[in-house]
Each structure stands twice: as structure tokens, then as C-alpha cells.
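Dear colleague,

Please find the structure below, handed over for your reading.

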Amino acid sequence: MSTPIRQQYLDLRKRYPGTILFFRLGDFYETFDDDAKLVARELQITLTSKPMGKDLRVPLAGVPYHSIDQHVAKLVARGYRVAICEQLADPSEVKGLVPRDVVRIVTAGTVTSEASLEAGRANYLGALVHRGRDAALALADVTTGEVRLVPGDAAAVELGRSPVAELLVEDLADAAGAAMPVVLRPLLSDMAVDAALAEQFGEHAREALVPGPAAAAALAHLLAYLRETFPAALGSLQRIRAESGADELLVDERTLRNLDVFPGPGRTSSLLAVIDRCRTAMGTRLLRHWLAHPLRHPARLAERHDAVGWAAANPIERERVRSVLRAIPDLARLAGRVGARTATPRDLAALRDGLRAVLDLGALLSSCGLPPLLEGALRSLSGAAEPLATLDAALAEDPPAAFDDGGVIRPGFSPEIDSLHALTRDARSFLLGLERLERERTGIKSLKVGHNKVFGYYIEVSAANAALVPPHYQRRQTLVGAERYVTEELKEHEARLVGARERLVELERQAFASLLETLAAGLAAMQSVADAVALIDVVLALGEVAAEQGYTRPVFTEGDLVIRGGRHPVVEAAVGPGRFVPNDCVLDSETQILVVTGPNMSGKSTFLRQVALIALMAQAGSFVPAAEARLPLFDRIFSRIGAHDDLAAGQSTFMVEMVETAQILHRATPQSLVILDEVGRGTSTYDGMAIARAVIEFLHNRKEGAARTLFATHYHELTALEGILPRVRNAHVAVREEGAEIVFEHRVVPGPADRSYGIHVARLAGLPRAVVARAEHLLAELEAERAAHGRSSAAHARNGSAPEPAFQPPLFGGPSPVEAALAALDVDGMTPIEAIQKLYELRAMVLQQRVPR
Ligand code: ADP
Ligand code: MG
């Protein structure tokens, strides 16, 4: 026979499979049975057992109610789903079994506690859905109520580059390679989709707000999932932002990673870390969004650059405004809690202080003479006035954390609350005055009036004086050395006090709930205020970096890319002020593909990435680290880093390298920027060289025109392409020899590199002298041999002599079958998989040719 409470637990346990169930029992959240074993192990807490019926002891592990957030955060971060079961009534007021139910299932995509969240990063629940050929990703951040819909091709890209903490899919194939927890959901019918959207957003939501059936279904999945896990969150989901991606520069996750745009594992610094001078968490989140979603819209970019320019040029105003920003809390998340009706009195106090600061901010800015983007934000700030007035009228100046003792509601707001306050005050002061009164009445000097939770108010008299106690004192409790009593008078006043206080707390709770309702009705305005603050913060932060780091405003052109004195913002920050060597880059009608050579560690990768970063920053709305930057508006930035260099990705296989290279070849347009760093490095030299060359030829010879491409390589042989393909140019990173040593100048100059410095680098790295000497000897021998055979294209290129008329890897005699096969490929018509197969064939051919003829 198990106890009723055990039965209650088992019933709930059955209803929430796939979760860890935390069961509220008084001041603890308890877990039982297998949950308890798991929780004890994961959280390093003690596993005990509890009797739950005749001859029944069950494993038990629990945590105190006030520390539940941290424990849940740990479990959720490890991929568990946690069901929170609450007591639905005050146990002291219920006879028998306290009613309990699960109020919420906490999952990675629906967490709201600060223990689980990063302030400067959104936390999205995502749903990726297909309908026919249409795909869409819907994202909701339940902490702020933000909803984003990304339809079409951009959906898959968005999944990689946005902070999606949990993904819902109808088909597990959609989640292949997803890094976050994935939840398989049942297929939703059109009717179910319509019903879900209508219920949340009103009858005409679907046509008005949602682009296409896939987006509608994805959004409906989010709503259905939230209804099951965290229904309160639905209250904060109001705005839907549909993002077509049409006016955006598309950068995929890999490129963001290759360019170190965001912090991440295995990365010491990032663009975000260098330029994020935001003073609010909202600002940091918006800056992240700008960097992941650069624009292609010239007018919108001009607005951003005007605003950043204003901030850069007005340091005094900038500093004033930034000092006010510092005082603004995370209004977006506070507003989210208002929408979910989970805000506490302290949350509302923070919201009120924040709204006050927003009005200060508005006052300050309105005297400034602002560019249009900031002017628009300024107008939205006035939306703070109404909720502020509501809060000022109702909320106490310094409300307590909990309702238990009253004092949440401001005096003057409700006459009834005020009078109950007066009553409790009177009753309390009577009880406090009673001590003096009773001492006089009884003559017992050490008599005390005290209070505890179990017995309420009492009169305490030391044992020595117990004989002096008058007969109407009723004994309640005997302690060591003291007795405690009550009197009718005491009980009467206490009852009045308790009654008044209970009523007071009840009324304050009601007033607070209706305050939340009033605020929630104006949620949209509050969210706009938060958006405006974020915008102002980002613009000023970018203005500050621009001014401090000497960034300039980029100019967008229809034609050439011209960067003068460009720098890599992250490397520059790492090497220290004045230590970075600026470089120019020109990509024009004669230079569509720039082949960059130079020894290891000379700065090839840095140069490539700095060009891409400057383009990305410019289109994000930032100023750029260059003396001058004239840039086309790119549609995509592609990047591929040779397998050996791509250590952070942890999947350095040649296969991956080639799949991605194939994708770039398929997708790059003449408006794209392509960064290829040591592509081909992941295989043997001749494979690699052949592939690298074929890739360059393909990019160069496309009918529609070439994407602007920077190609870094240590294959000096590739420099010969400049003489063959009209729009390919060479550049190299200069190094200087000083005696037996070489000095990296980090200067990018036209023309091919003229020597391989591998052996010098080996010396610098501390290889034993004898080894270095032997290597030098062998190299000399090899070069002499090649010269003697008259097949010395590589050596020629190294010596800086005229480029070879035709490119021939030195071991191939005459036109190779591999080259013929490559030339015959219909690359445009291939899928990535076909391309890979072809590559394997080509590679097999190359390996066969290795056999000396
Ligand atoms: P490569 O790709 O040629 O091997 P990297 O681009 O990785 O070389 O650069 C190696 C290091 O050289 C960088 O980490 C940086 O410290 C330094 N470096 C590169 N470019 C510059 C530059 N323009 N100015 C100053 N230091 C640079
Ligand atoms: Mg490199």
C-alpha cells in the first residue's frame, strides 16, 4: 500500500514522460526513484530514501525551493527536460492531500531563469518545417517575446548562425547535423495550423503576418510546444518579424566562425569582443544580430552609417548618453516577464527604474540634433511614459521580494490597502507596547513579548519569576529556564493583526496582478522602447569604437573594391596599438581573383580575413578598420579554410573541405566575396594543387562572371596562373632576410612570392642546426635536379623569373588526363555529392599517374 502522496506523484510521473519531475513538498523540490538516482549523480547531491507506505522506501533526492533555478539550469544545460510540479494551495489551509500539478516543463529552448541565460545573447526555441518545396524556420525567444520567421533558403543558414537552443522538427532528417537538442513533433494539419495561429494572434494572422505555409506551420509548432511546456510564455509573444533575407548579405555559420565574428570554443578573441562597447544587454543582442545579418540595402546602410558617424564625431554627447544607458536594465526581458505574468515586485521596481532612465535618455537626446535613425529611436522612447506612470502610481518605492509582509503597493493607491496597513500597524504597536504594560502590571522586570512562527505572539517569563505570573496567563510552552504564556487580550490583538495582514497580502496580490494586466496591455509599446534603447546603444557603441580605433566610413560603389590601409580588427587588438601593418586590397576588372602566396606565418590568412571582415562590418552598419574603403554591396561572403587549418571545427577531413568547396562553387555569384584559404591542403600535394587550380579556373571562367575571390596558398606553382587567366593576379606577403634569419613584414605586395621560406621558418622554430643544414643541402640538390631536367616551373616561379606559359605540375609530362577530365566537367550541373564522387575519381587518376613513367 502506498500513501496518497505517493499515488499523486506516480500519476504525475506517468503524465510527463521524458522529463525529470521535481515534486514540491513544503520547502523542497523532491525527485524520486530513477529520477532521484539521476539527479543525485548529475547534481552531486545526496541520495537518500523516504518511507512512502507500508514496507515501502523509495530513493529520494531533493533541493531547497530557493535554489531550484541553479539546479534546473545545470540539468537543462546537459540536455534534460525538467518538469516542475508545484503545490496549488497553501498546505496550511488544506485538509488532507495538497493539490499539485506540473506548471511548467523547462527545456533548453524555454528557460527563463538568469541561471540559464547569457545576458547578451538571445535564447531561441526554433521550429524548422517543410511544406512541399518550401522551408521555414520559426524562432521564439520566450524571455523577450521576440518571434522571427525565416522562410526559404535562408532558413537553414539561419539555423546555423542564430543562437537556437532547442529545435522542433516534423522529420528528423531536417535536423541532420544540428548541434542543439532536437524534439520530434507530430505532423500538423493545415487546420491545426490555422487554429493555433488564430488562437494566438487573431483570426487573420495567417494572411497578414506569416509568409507561406511552411512558416505558418513552423510558427504553429512553436505555439503548440509552448502550450505544453510553458503556456505563460504565450502571453509575451506578440510581434512577429518575417525576414525574407532578400535585402541581406548572407553569411553562413562557417564563415562567421572562420572570420571569428563571435566568441566560441577554442577561440581567444572575436570581432564581437573587440567592437562590443554596448552598455546594455539589449544592445549586445542587437549588435550580434547586425553582425549575423548584414544588409544589402543602401538606404538603410546609409542611415546606420550616418548615425554611427554622428556618434563618432560627438564624443561629449556620446559619453553623456552612454552614462545614462548604463543605468538601464534589460527592459526587453523585464517586459517579457510582464507578458508572461511572471514578473515579481522587484522585477517591476527594476522596470520602473529603467523606464525612468529611458525618459532621462530621451530628454538628453532631444537636445542633440540627431540623424534620422536616432531621431526615430528617440520618438519610440516616449512610450516609456505611460507604463512608468502606471508603475509610479501603484508600486511601492522599494518593494520587498515577497508578498508575505505587505508593502508591495504604494500608499495612496488603494484606500482599502491603506486602512489595512493602518490596522496592522496599530495591532503591531499594541503588541509591542504590551511588554511595558505587562511588566508594570505584574512587576516582572524580565518579562518579554516575543513572536515565533509556530506559536505566534507570547509572553515569556523566566522560570525564576514564574511564581509571580497572574492567574489569567495561560501557559503555552516550557523552555529551559523560561515559560511562555498567552492572554485573552494578546490573542485578540494577534487575531486582529493576523486577519488584517492576510487580507492585506491578499489585496496586494490582487492589486499587483491587475497592475501586471495593465502593463501587459501596453506590452508592444514597452517592447518598442526596449528596441529603441538597443538601437541607440549599438549606434553609440559603434561610434565609440570607430572614434577610438580610427575606423572610417565605408563607401558603397557599383564597381571595384578598393581598401587602403586595411587592418584586421581582431589581430590588431591582439598585437597591440601601432603594431599591426595595414594593407591595401584592390579587386577590379583586372583582378577578380587574387592569389596570395608567402611563407607560413607571414600573414596570408590575416589578410584574407581582414578583407572579408571589412566587407561584413561595412554591411552590418559599422565603420571599418581602414584608411579608406570603397566596396561593392556583396550578396554573400563565402569562406573555406583548408582542412589542416580548420582545427576549431574538429572535423578536419578532406571530404568536408571538398563538400564545402563544391557548395561555394555552386552558389557564388558575381556579387559574392569568396575567401579560399589553403584549399586543397587537406590532401597530397599534387591532388591539392590540381584541385586548387581547377577551382580557380572554374571561378574565373564562369559565364556570368567571377565572384571576387582571394585565394591564399603555399603552392607557389599556382602563381603561374596569372600568366594564363586574364583576371587572376598574384600578390605575396613580403619577408626580409637579415643574415640567416628572416623577418616577417606582414606587407602584402603585388607579384608572386619568390622563395619558399620553409627551412628558415624551421630554423626560427628551433629545429636542431644539423637538421636545418641537411634540409638546405637537400633542397639545393632537388632544385639543381629540376633545373637539369628542364621541367622547373616551380623553381622558376620561386626565382621570380617570367611566369611559365603553361601550368604543369612538375611530375606530369605533357597534358594530363586529369586536366582533360577536369576541363570536361559540367560543374554547374553537378550536385555536391556528384562533385565529391568525381573528385575521388580524379584523385584515383592522379594516384595512378604517380607511378614514374
Ligand atoms: P599565414 O596564414 O600566412 O600562415 P597568419 O595570417 O596566420 O599567417 O599570420 C600569422 C601571425 O602573424 C598572426 O597571428 C599575427 O600575429 C601576425 N600578423 C599577420 N598579419 C599581420 C599584420 N598585417 N600586421 C601585424 N601582424 C600580423
Ligand atoms: Mg594561414
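Which side chains meet in a salt bridge with an N to O distance of 3.4 Å? They are those of Arg-356 and Glu-397. Here a salt bridge is a side-chain nitrogen of Lys or Arg within 4 Å of a carboxyl oxygen of Asp or Glu.

Before going further, please note that this is a predicted model, in which local features need pLDDT of at least 70 and side-chain atom pairs count only at pLDDT 80 or more, while totals for chains, interfaces and linings use all residues. Residues are numbered from 1 along each chain as its sequence is written, chains are lettered from A and ligands numbered from 1 in the order in which they are written, and side-chain values use heavy atoms, with hydrogens and water left out.

Salt bridges

Helices (H or I, at least four residues) and strands (E, at least two) are DSSP runs, numbered from the N terminus. Arg-356 is partly exposed, at a relative accessible area of 30%, and Glu-397 is also partly exposed, at 43%. In these terms, buried means under 20% relative accessible area, exposed means over 50%, and partly exposed lies in between (1.4 Å probe, protein chains only).

The whole structure holds 55 salt bridges. One of them joins the side chains of Glu-228 and Arg-185 at 2.8 Å, N to O. This pair links distant parts of the chain, with Glu-228 in helix H7 (residues 212-229) and Arg-185 in the loop between S11 and helix H5 (190-201), 43 residues apart. Glu-228 is partly exposed at 48% relative accessibility, whereas Arg-185 is buried at 11%.

Arg-277 and Glu-548 form a further salt bridge, at 2.7 Å, N to O. Arg-277 is found in the loop between helix H9 (271-275) and helix H10 (281-292), and Glu-548 in helix H19 (residues 523-549), 271 residues apart.

Aromatic rings

Rings of Phe, Tyr and Trp (its six-membered ring) pair if their centres lie within 6.5 Å; planes under 30 degrees apart count as stacked, over 60 as edge-to-face and the rest as tilted. By this rule there are five aromatic pairs. The ring centres of Tyr-9 and Phe-32 are 4.7 Å apart and the planes stand at 75 degrees, so this pair is edge-to-face. Tyr-9 lies in helix H1 (residues 4-15) and Phe-32 in strand S2 (residues 28-32), 23 residues apart. Both Tyr-9 and Phe-32 are buried, and together with Phe-23 they form one aromatic cluster.

Phe-403 and Phe-512 make another edge-to-face pair, with 5.3 Å centre to centre and 75 degrees between the planes. Phe-403 sits in the loop between helix H16 (385-394) and helix H17 (415-442), and Phe-512 in helix H18 (residues 488-521), 109 residues apart. Phe-403 is buried at 12% relative accessibility, and Phe-512 is buried at 4%.

Charges over rings

A charge sits over a ring if NZ of Lys or CZ of Arg is within 6 Å of the ring centre and within 35 degrees of the ring normal. The charged end of Arg-304 sits over the ring of Trp-290, 3.7 Å from its centre. Arg-484 lies over the face of Tyr-458, 4.1 Å from the ring centre.

With kind regards
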